[in-house]
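Dear colleague,

I am handing over the structure below, and after it you will find an account of what came out of going through it. Please look at the structure first and then read on.

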Amino acid sequence: MKHHIEGSQAVAHAIALCRPEVMACYPISPQTHIVETLSRKVKAGEIGNCQFLNVESEFGALSVLIGASAMGARTYTATTSQGLLFMAEAVYNAAGLGLPIVMTIANRAIGAPINIWNDHSDSMSMRDAGWIQLFAEDNQEAVDLHIQAFRLAEELSCPVMVCMDGYILTHAYEVVDLPTQEQVDGYLPAFEPVQVLDPQDPVSIGAMVGPEAFAEVRYLAHDKHLRALEAIPRLSQAFQDIFQRRSGGLLKAYHTDEAETILLALGSVNGTIKDAVDDLRKEGWPVGSLALCAFRPFPSHALRHVVQDAKRIIVFEKDLAVGKGGIVSSDVKMALRGLPTIVDTVIAGLGGRPIPKASVINTVKQACLEGLEEPHFLDLNWDAINRELTRQQAQRRSGPTAENILREIGAPGASPI
Amino acid sequence: MPYQRVKFYQTGTFTVGNRLLDESNRTVQAGMDRTNSLNSGHRACQGCGEALGARYALDAVMRATHQQMVAVNATGCLEVFSSPYPESAWQIPWLHSLFGNAPAVASGVAAALRAKGRKDVRVIAQGGDGATVDIGFGCLSGMFERNDDVLYVCYDNEAYMNTGVQRSGSTPPRAWTNTTQAVGVDPGNPMGIGKNLPRIAMAHGIPYVATASVADLHDLEAKVTKAMNFRGARYIHIHVPCPLGWKSDPAHTIKVARLAVESGLFPLIEAEGGEVTDRTPIRKQVPVEQYLELQGRFKHLFHPRDERALEAIQAIADANIHRYQLLPVKA
Ligand SMILES: Cc1ncc(C[n+]2csc(CCOP(=O)(O)OP(=O)(O)O)c2C)c(N)n1
Ligand code: SF4
Ligand SMILES: [Mg+2]
């Protein structure tokens, strides 16, 4: 049934339908509405015998789920930003142990400077931890991906992060088709663990492995992701069969046939990008776009297949590998190795900076007409940056950079330098 | 006929002293049906107090739970010497995740059991002093505060042994470790720092807290067994000498542990709901020096004699004796 509902509420609704058995949560904006709603549902007895633990930290939250999952329970948590970093050690551990935990990342920037708004720095920091990472384009897809995530995680015995843009999606009210319990039950079978703590059949889980076997164990983690490349589209199709809508998959192409230039991005900005594509096409520009839904595993083959005839790929990414540039674009370049395709990196939307359609359109035109420097920073205030750089050169004790920049841009309340 | 009098300190072990007790009072280890939760063939050093304490504690849990138990282990000596694949010494379902999260992982196991409506299987978590009083302290406090149904056992060898003997928050004053070297002014670990986790556990008001020592294995088993009669968060802190880190003779492990108890440096107590309910009295207080001089980690206190340090450590023992009334009150 269609509801006009906040993204977080919709996701909480979907999680509840997946019949989780243990959830452990620690609050951090913009994830809070999800876990608040789930705590209420558990207390009200709407999720069977599910246990909701209010824990002392994100590290504690994921650690609780590691224990619960090893005991054979379906587990869920949500976090973002600083919280994801605080649990980092357990993030790698959960994947290394092969525990099918599902976690929402309400994507948010990482400080310092502390910033609660959206970008993808947080999930990018964990991209090599061994978790599958799926990115939702809108709240309907966020709902649907969570349901697919449990099935995918449990089929492969591999944890899955469902990434949805903080505030932009978590706090947005949209019309969402909320599934029914019958639909979800028809799609998601009961959790059958591949390893479990069982007094009747005791095993040691998590023991030390030396150089003689470690690489093979790691390869098998990689192999799981290779199998996920096949499972993700298959489970997306199975989802469509029951729920009558297309959601998820490895990637989604928009007007890519015969496009000379393809814009590529993760998450909600694909809405803006598709609008920009429409406008550009009306003006006669041969452009299309591609939304990456799966970032880990990275769908190299599927991507190459879609873009092989294009001349140029412009990757819009909400992250920055400091000292290098693009993270997503590096993976794209690797996927396209051997092809003459130009791959541009556009660093955009950091810390919640809007990505206006006009800026996207201008950047595409600039790329096609003059080329882009690598990486290109969207809508950067170069004047303020250059003034601050000059000041720093002139003065050793130049003070906190973040405050200086606010002064440079003349933010209300900031005293002039 | 001439005979030699033999003294049995410890009734209830597998030795002859056990026969002095009636069947029901004999130790778990003395029984023919003992379970060997931690099997022989693991890689602990000779005389390792932690290996001894862990086997006694876990076999007692196995007996109390009719072998319906799960153990969660923090990183540390116990985890490393017991588990490397494919030679795990564990005969029980056993999970190791990280150094600092064993209490939370155990909370998760307990939550899963609750969700599945299984009351028969019980959970224990275990770790060294570093895992417990330092890096896992936040998770431990959370587990206590939520009163999750977990027995947490800390094996206190008073330093980070697995990484080669570095100081922890449980390292005693003036002890040498590799990060509190016996050089400079007041050599060894500084005086007046560190924490007492049994008391901190009591402050959480959890159902049961106890201290135990490998010097009194019968008492250790009894406390573990008792802990399993409670539901909710329980904590047992076991003093386990480490010959390698303490620079003591492996043959002296029990002796060193006993002197810690009899000097008053390691009081044996029990508490319920945050209140002390029982303590093991000391028959005759021995001076702390007798305990310290058996351990190379305190050598610098004797060459030359550091009277100020010895007095300060004696004062700690005396304060413990006073706090828990370990000696018979003189008329
Ligand atoms: C996060 C993290 N920091 C440091 C270590 C290294 N480390 C492994 S075991 C250990 C010492 C364990 O000390 P303790 O808990 O007292 O147990 P013991 O070995 O003394 O029995 C340390 C420091 C680690 N594994 N993980
Ligand atoms: S170093 Fe100490 S605690 Fe570790 S195995 Fe050896 S004796 Fe036991
Ligand atoms: Mg230790």
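**Surroundings of ligand 2**

Ligand 2 is surrounded by A44(B), C45(B), C48(B), C77(B), F81(B), N157(B), C242(B), P243(B) and L244(B). Among the elements of chain B, α2 and α8 (243-246) are those that give two or more residues to this shell. Sorted by class, the shell around ligand 2 holds eight nonpolar residues and one polar residue, with no charged residues. Please keep in mind while reading that this is a predicted model.

**Where chain B meets chain A**

The contact between the two chains draws on 39 residues from chain B and 35 residues from chain A. About 2900 Å² of area is buried between chain B and chain A, and carbon and sulfur atoms give 62% of that area.

How many salt bridges does the rule find across the interface of chain B and chain A? There are two salt bridges, and one of the salt bridges in the model joins the side chains of R146(B) and E56(A), with 2.9 Å from N to O. Across the interface of chain B and chain A there are also 16 residue pairs in polar contact, where both residues have a pLDDT of 80 or more.

On the side of chain B that touches chain A, the elements that give two or more residues are β1 (69-73), α2 (77-82), β2 (94-96), α3 (102-115) and α5 (137-145) of chain B. The largest share of that side comes from α3(B), which gives 10 residues. By class, the side of chain B that touches chain A is made up of 20 nonpolar, 14 polar and five charged residues.

An open sheet of nine strands, with mixed pairing, runs in the order β9(A)-β2(B)-β1(B)-β3(B)-β4(B)-β6(B)-β5(B)-β7(B)-β8(B). Its edge strands are β9 of chain A and β8 (275-279) of chain B, each of which pairs on one side only.

Strand β9 (residues 204-205) of chain A is joined to β2(B) by two bridges, and these strands run parallel. Here S204(A) stands opposite W94(B), a residue of β2(B). On β2(B) there is also a pairing with β1(B), in the parallel sense and over three bridges, in which V72(B) has L95(B) of β2(B) as its bridge partner.

With kind regards

Methods. Residues numbered from 1 in each chain as written. Chains lettered and ligands numbered in written order. Predicted model: local features only at pLDDT ≥ 70, side-chain atom pairs only at ≥ 80, totals over all residues. Heavy atoms only, no water. Contact = heavy atoms within 4.5 Å. Buried area = accessible area lost by both parts, 1.4 Å probe. Salt bridge = Lys/Arg side-chain N within 4 Å of Asp/Glu carboxyl O. Polar contact = N/O pair within 3.5 Å; in protein donor to acceptor, adjacent residues only side chain to side chain. Helix = DSSP H or I, 4+ residues; strand = E, 2+ residues; numbered from the N terminus. Nonpolar A, V, L, I, M, F, W, Y, C, P; charged D, E, K, R; others polar. Pairing = 2+ DSSP bridges. Near = heavy atom within 4 Å.
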